[in-house]
Amino acid sequence: MKSMASSRMIRKQVYINKYQNEQLKRISQHKKISEAQIIRMAVDQYIKENESAISNPLYGLIGLCKKSKSPSDVAINHDKYLGEINCERKD
């Protein structure tokens, strides 16, 4: 994960609901840090929790093969179907 000091900040505009806004202000005042810093920390935490899901190379297989109708026994006969289908690499 890149540190904020080493990267340029990018402006984003988001909408939050009233409850989120009130809680954000309350936490900001309590912790004596800016609302923006809390949002950045929350984004960092969310990214950290989801990094493995988005960096897993197996997710690259999704959508590689074009087949209009999927058989219902793929979990059992996966080798058979992998040998039969026409796959195109997205390089």
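User: What percentage of the 91 residues in the chain do buried residues make up?
Analyst: The model is a predicted one. A residue counts as buried when its relative accessible area is under 20%. Of the 91 residues in the chain, the share that is buried comes to 5%.

User: Which pattern does the chain follow when read along the sequence?
Analyst: The chain holds three helices and zero strands. Read along the sequence, the pattern is therefore written with helix symbols, as helices and strands are numbered from the N terminus. The chain follows α-α-α.

User: Is Ser28 buried or exposed?
Analyst: Ser28 is placed in helix α1, which spans residues 18-31. Leaving aside neighbours within four places in sequence, Ser28 is in contact with Ile33, Ser34, Glu35 and Ile38. The relative accessibility of Ser28 is 12%, and the cut-off for the buried class is under 20%. Ser28 therefore counts as buried.

User: With which residue does Lys25 form a salt bridge?
Analyst: Side chains of opposite charge can pair when their charged atoms come close. A search of the whole structure finds one salt bridge. The closest N and O atoms of the pair that includes Lys25 are 3.5 Å apart, and the criterion is a distance within 4 Å. The partner of Lys25 is Glu35.

User: Why does the pair of Lys25 and Glu35 tie together parts of the chain, and how many residues apart in sequence are they?
Analyst: Lys25 lies in helix α1, whereas Glu35 lies in helix α2, residues 35-55. Because the two residues belong to these two helices, the pair ties together parts whose separation in sequence is ten residues.

User: Which class of accessibility do Lys25 and Glu35 fall into?
Analyst: Lys25 has a relative accessibility of 37%, and Glu35 has a relative accessible area of 26%. Values between the buried limit of 20% and the exposed limit of 50% define the intermediate class. Lys25 is therefore partly exposed, and Glu35 is likewise partly exposed.

User: What accessible area do Ile39, Val43 and Ile47 have together?
Analyst: Ile47 is placed in helix α2 and is partly exposed, with a relative accessible area of 37%. That value passes the requirement of over 30% for patch residues. Ile39, Val43 and Ile47 form a nonpolar patch on the surface, and their accessible area together is about 220 Å².

User: What percentage of the accessible surface of the chain belongs to carbon and sulfur atoms?
Analyst: The accessible surface of the chain comes to about 8800 Å². The part of this surface that belongs to carbon and sulfur atoms is 55%.

Notes:
Residues numbered from 1 in each chain as written. Predicted model: local features only at pLDDT ≥ 70, side-chain atom pairs only at ≥ 80, totals over all residues. Heavy atoms only, no water. Helix = DSSP H or I, 4+ residues; strand = E, 2+ residues; numbered from the N terminus. Buried < 20%, exposed > 50% of the residue type's maximum accessible area, 1.4 Å probe, protein only. Contact = heavy atoms within 4.5 Å. Salt bridge = Lys/Arg side-chain N within 4 Å of Asp/Glu carboxyl O. Patch = residues over 30% accessible without salt bridge, like charges linked within 9 Å, V, L, I, M, F, W, Y side chains within 5 Å. Areas by Shrake-Rupley, 256 points an atom, 1.4 Å probe, with all protein chains shown as cover.
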